[in-house]
Each structure stands twice: as C-alpha cells, then as structure tokens.
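Dear colleague,

Please find the structure below, handed over for your own work. My findings follow directly after it.

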Amino acid sequence: MVEEGALSVKDYMTREVDTVSPDDTVGDVAAKIAGSTEHSGFPVCDGRHVEGFVSARDLLQEPDAEPIFKVMSDDLLVAHPDMNIDDAARVILRSGIQKLPVVDDAGNLVGIISNADVIRSQIERATPGKVDNLMQTLENIHGVAVSQERREVPLADLTPTQAKVYADELEGRRYELERRLAEPLVVIDNDGDLLLADGHHRVKAAARLDIESMDAYVIVLSQPVDLGMAKTAEKENLSSIDDIDVVDYAHHPLVQKTHRLRD
C-alpha cells in the first residue's frame with residue numbers, strides 16, 4: 001500500500017488491456033503480434049484471471065497449432081494497483097521486463113504498467129526535498145535569505161534555463177497534465193524575473209495543451225542575485241518557453257540508461 005499523497009501504480013497504469021486466452025494457438029497470437037504496432041506480448045487470462053504472459057520470444061520455433069498455455073510464462077511478476085509507483089519502478093527496471101500486469105486481490109487483471117510508464121513517473125519529480133536543497137544551495141552560495149511560496153504562475157512570464165526537451169517524454173507529461181497528476185514546477189523569483197528551475201518538459205507539454213498557467217513552488221530571493229542559470233538562459237537566447245527546442249532524434253537520458261540496464 002502507499003502512503004497518503006504518494007503516487008501508486010493505478011495513477012499510471014493502462015486500464016484497457018489486450019489479452020489472449022490459454023486456449024488460443026501460437027499461430028493466433030503470432031498473427032496478433034504481427035498485426036500490432038504496440039504489442040510484443042500479451043497477458044494470458046482465463047476470463048479476467050491472469051494465468052501467465054506470452055511474448056514473441058515464447059512463440060519462436062513453436063508449432064502454429066500449439067496452445068498458448070503450453071508455451072506461456074506462468075512464473076510472472078505482477079503489481080497491485082495500490083503498489084507505490086517507486087516500488088513498481090524498481091521491479092521493472094531491475095528485472096528488465098517491459099510490461100507488468102496489474103492484478104487485484106483476487107488475481108484479476110485490472111491494468112498493465114510498462115517501463116515507459118514508470119520512467120515517466122520518475123522524471124521531473126518536484127519533491128519538497130528537491131526544493132529544500134535548491135533553497136539551501138542558493139542561501140549558501142549567494143548569501144541571501146530565501147523563502148518559499150506555492151502559487152500559480154503564468155507560463156508567459158517564465159524564463160527557461162534549459163535549451164531542449166525530449167519528444168518521447170512530452171507525451172507522458174501531456175498524459176499527466178490531462179489527468180491532473182503533474183507535479184508543481186520549481187521557479188526562482190529573482191526580483192520579479194521568474195526563472196524556471198525544474199519542469200521544462202511539463203511547461204512545453206502544457207503549452208501544447210493551451211494551458212496558460214501552472215502550479216509552482218516559487219523560491220523568492222530577498223534581493224537580486226546574479227544567478228548562473230540566468231546567464232545560461234541569456235547565452236542560449238532563452239527568453240520564453242517557445243525558445244525550448246524539442247529533440248525528436250534522441251531519447252531522454254533516463255530512457256537511455258534503462259535500455260543500457262536491459263542490454
């Protein structure tokens with residue numbers, strides 16, 4: 001179970017899941033995989049009850065007429081919908097599996113969570129600890145008093161401090177925004193200049209949804225400071241979120257790291 005306020009598997013899982021039956025044949029499932037651009041395997045269910053999982057690898061060199069229950073993997077990992085998303089992330093990333101069936105207390109399938117889902121849950125998590133660390137760093141380096149506010153900030157007023165975001169991450173941020181699951185931004189108020197410290201994928205996704213303002217942790221400096229991130233923004237010619245480039249020829253670094261772990 002998860003602590004109050006913590007995100008769980010049910011916040012990120014896909015609820016509509018394609019399945020196959022234990023009595024389906026290898027030929028049936030091979031054709032289903034070949035005709036899909038999204039699936040390389042399926043949960044095997046008797047009614048709603050999960051019996052196993054079958055992947056394209058399980059079908060290799062098997063006769064077309066062989067029933068799936070003879071070739072499927074029945075020693076499988078599953079998640080519970082109330083499982084903490086961080087725990088699910090550890091299971092998926094450490095095991096190297098791509099998809100984890102989500103079952104209720106009776107073993108019935110209620111959803112599926114993928115490695116892409118848990119990656120999305122981990123990137124740009126604006127935790128209070130991250131905000132506290134940034135506040136302490138600003139105090140120690142610049143010798144100024146800082147305070148924290150929680151407020152709605154207009155996206156048009158933000159100055160980005162990161163020149164690019166990744167296209168494969170924007171869809172996840174869009175998903176969270178549409179379901180009101182997105183974490184607050186982290187913004188530094190430097191004498192009225194609002195510098196975006198954390199949340200560049202979120203604001204870029206929000207702009208595509210015509211969202212004009214977002215919830216933010218705002219760190220307010222007691223006096224103007226010559227911040228390095230402001231110099232970076234100036235050097236990169238970043239004056240608005242429109243200036244952030246979307247990179248569609250590379251994966252987010254965390255995605256790349258996950259692929260390396262699976263090799």
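Why is strand 3 (residues 99–103) largely enclosed by the rest of the structure? The reason is that 4 of its 5 residues are buried, where buried means under 20% relative accessible area with a 1.4 Å probe, protein chains only. Strands (E, at least two residues) and helices (H or I, at least four) are DSSP runs, numbered from the N terminus.

Please note that this is a predicted model, in which local features need pLDDT of at least 70 and side-chain atom pairs count only at pLDDT 80 or more, while totals for chains, interfaces and linings use all residues. Residues are numbered from 1 along each chain as its sequence is written, and side-chain values use heavy atoms, leaving out hydrogens and water.

Strand 3 runs antiparallel to strand 4 (residues 109–114), to which 5 bridges join it; two strands pair if DSSP finds at least two bridges between them. Lys99 has Ser114 of strand 4 as its bridge partner. The two strands form a hairpin with 5 residues between them, and Gly107 in the turn has a positive phi of about 85°.

In the chain as a whole there are 9 helices and 11 strands, and 43% of the 263 residues are buried.

Yours sincerely

Conventions
Buried < 20%, exposed > 50% of the residue type's maximum accessible area, 1.4 Å probe, protein only.
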